[in-house]
Every structure is written in C-alpha cells, then in structure tokens.
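Student: Can we go through this model together? I'd like to start with the strands and then look at the rings.

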Amino acid sequence: MVPVRLTGPRLAIREYHHTDGDVDALHALFGDPEVTRHLPFAPHDRETCADQIELYLEEAMAEERDTYRLAVTRLADAPDPQDATPIGQASLTLDGHRSADLGCVLGRESWGRGYAGEITGLLCDFAFRTLELPRVEARVAVDNTASATVLAGLGFRLEGREPQDGSEGGAGSAGYRYALRLDQWPGPAGG
C-alpha cells in the first residue's frame, strides 16, 4: 500500500488508522442524523464505524486499488496531520471507465468554513494529476444546495437528475449528477 497524503492550505487528507480516536471521529460523522441526512444510509453506531475503518484499510491494501476513503484533518490540530483527529471524510471511487465518483462529508462544527471546496480541490488534483483520470463525477441530493454550490464553483457541470437510489435509511431522494473533465480542471487555486 502506498498511503495517500494530500495537503492543502488548512487541511490534510490521509488514510484512516484503526484507533479509538479515528473510530470515534468517524462515529461523530456517521452517527449524526444531521450529517447523514444527505447520504444514502442511516446513522451508524460506533461498532459499525469501527467495521467501516477496517474495510477502508482492506480497500487500501488491494493490489489494484479502486476505492479511497480517507480521513480529513486540520493542519492546525497537530504538528503531524497523521496524528490529528479527523473532522471529515473524503472519498474517490473509481468506476472502471477511467472516471471516479467523489464524495466529501464534514462534521457540523466544520460547516461553513470553506473546507468542502478545499477537500474537493485536493481530491480533483489527486484524481487528475496522480491517478491520471480524465473525468470526476459527484452525486448531490436535490436539497443539498451547499454541496452543489461548491461543485459549481470548482467548475463541475450539472449533467442531469438521477432517480432515487433505494439505499437504506439515508436521504434516498433524487439527486443531481455533476461532472468535471481534466481539460476543465485549472487546479485548486485556479491555475
């Protein structure tokens, strides 16, 4: 496994650790009904979050990795981002057609600070420049206007509306599909 480590002006994105701190942080995200209301699953208990991190680490060890579910930390929270407590999750899932689905989840205390844009920019740079993918997509629940605004601000284009996905528990509502191609990506700072 080659660990993913991405660093922006205020945030770092790293692999999860199977520690109590990372499990507690993931549970703070996925156990919060307000945070998960736009996600395709119901809030998780702590044991499920521990199992999720175990799965994330198994995915990271895959010979041909196609799933990146990563912890988001603040640089100011620890001298080494590897030691900081996660405040969110970033994800890229390769779809086998030379593109990836992008996702980002932040704890409520981190909302409204511009972190989602920074995370999305770091993930796009990773997808386009490191993984050399020509396309990144994101699905956004119809009523999640904040996420739609972040994607549009980074150059993602609305491609259409998707029907309800039938996932258990979460939003389960129709969503919009946004996409960005490599030839449209200027980079996180606009160049």
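Tutor: What follows covers strand pairing, then aromatic pairs.
Tutor: This is a predicted model, with local features needing pLDDT of at least 70 and side-chain atom pairs pLDDT 80 or more, while totals for chains, interfaces and linings use all residues. Residues are numbered from 1 along each chain as its sequence is written, and side-chain values use heavy atoms, leaving out hydrogens and water.

Student: How many bridges join β1 to β2?
Tutor: Three, with β1 (residues 5-7) and β2 running antiparallel; strands pair if DSSP finds at least two bridges between them. Strands (E, at least two residues) and helices (H or I, at least four) are DSSP runs, numbered from the N terminus. Arg5 is opposite Arg14 in β2.

Student: And which residue of β3 is the bridge partner of Ile13?
Tutor: Val72. β2 pairs with β3 (residues 67-74) over four bridges, also antiparallel.

Student: Are the faces of β2 buried or exposed?
Tutor: Leu11 and Ile13 on one side, and Ala12 and Arg14 on the other, are all buried (under 20% relative accessible area; exposed is over 50%, partly exposed in between; 1.4 Å probe, protein chains only).

Student: Switching topic: how many aromatic pairs are there?
Tutor: Three. Rings of Phe, Tyr and Trp (its six-membered ring) pair if their centres lie within 6.5 Å; planes under 30 degrees apart are stacked, over 60 edge-to-face, the rest tilted. One of the pairs is Tyr16 with Tyr56, tilted, at 5.3 Å centre to centre and 45° between the planes.

Student: Where do those two sit?
Tutor: Tyr16 is in the loop between β2 and α1 (20-30), and Tyr56 is in helix α3 (residues 46-60), 40 residues apart.
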